[in-house]
Amino acid sequence: MSGFVFSEKQEKEIEGILAKYPFKKSAMLPLLTLVQRAERVVSPDAMVAISDKLDCSPAYVQSVMSFYTMYHTEPTGKYIILFCHNISCQLNGADNLFAYTGQKLGVSGGGTTEDKKFTLHKEECLAACCGAPMMRINDTFHENLTKEKIDQILDSLP
């Protein structure tokens, strides 16, 4: 039994998710995403709760989760900023913009700000090479970045 408890709303969402899949384990990523978005972290207790829903072991949940970089085992900020650092973005200045953003937020090299508002990481290809350099903040892509554009984007976030 896990110390993590799904809310009533989440239980209803889970019912809908499970109804879409003929095999429970196929709902693994949607359930991990449900927890990640709500809690900003997938804790060991949440992994146990997910394993209970999917009739599998917590170790299996952890093994799937650890493959994907969008799931976090450490608490993240309200806004997760992912900078693409693959070749197109790198050639167009992503490394310098990542460093600039880290300096602006006070998390040089990445990490989470003290106020828990921002988490900054590098990410493999985010599939927006034609808009390089780019970053994703939560589910929103921002392309053709400059320092000025980064300032405007960050300043617009509540």
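Helix α2 (residues 28-39) and helix α3 (residues 44-54) cross at roughly 145 degrees, and their axes come within 11 Å. The model is predicted.

**The α2/α3 crossing**
- The crossing of α2 and α3 is right-handed.
- On the α2 side, Met-28, Leu-31, Leu-32 and Val-35 make the contact.
- On the α3 side, the contact is made by Ala-46, Ile-50, Lys-53 and Leu-54.
- By class, this contact has 7 nonpolar residues, 1 charged residue and no polar ones.

**Gln-10**
- Gln-10 lies in helix α1 (residues 8-19).
- The relative accessible area of Gln-10 is 9%. The cut-off for buried is under 20%, so Gln-10 counts as buried.
- The Gln-10 side chain reaches the backbone nitrogen of Ser-7 at 2.9 Å.
- Setting aside neighbours within four places in sequence, Gln-10 contacts Val-5, Leu-34 and Ala-38.

**Cysteines**
- The whole structure holds 0 disulfides.
- For Cys-129, the nearest cysteine sulfur is that of Cys-125, 4.1 Å away. A disulfide needs sulfur atoms within 2.5 Å, so Cys-129 is in no disulfide.
- Cys-129 is partly exposed, at 43% relative accessibility.
- Cys-130 is also in no disulfide; its nearest cysteine sulfur belongs to Cys-129, 7.5 Å away.
- Cys-130 is exposed, with a relative accessible area of 76%.

Conventions
Residues numbered from 1 in each chain as written. Predicted model: local features only at pLDDT ≥ 70, side-chain atom pairs only at ≥ 80, totals over all residues. Heavy atoms only, no water. Axes fitted to C-alpha atoms, helices over the stretch in contact; angles between N-to-C directions. Helix = DSSP H or I, 4+ residues; strand = E, 2+ residues; numbered from the N terminus. Left-handed = near helix turned anticlockwise from the far one by under 90°. Contact = heavy atoms within 4.5 Å. Nonpolar A, V, L, I, M, F, W, Y, C, P; charged D, E, K, R; others polar. Buried < 20%, exposed > 50% of the residue type's maximum accessible area, 1.4 Å probe, protein only. Polar contact = N/O pair within 3.5 Å; in protein donor to acceptor, adjacent residues only side chain to side chain.
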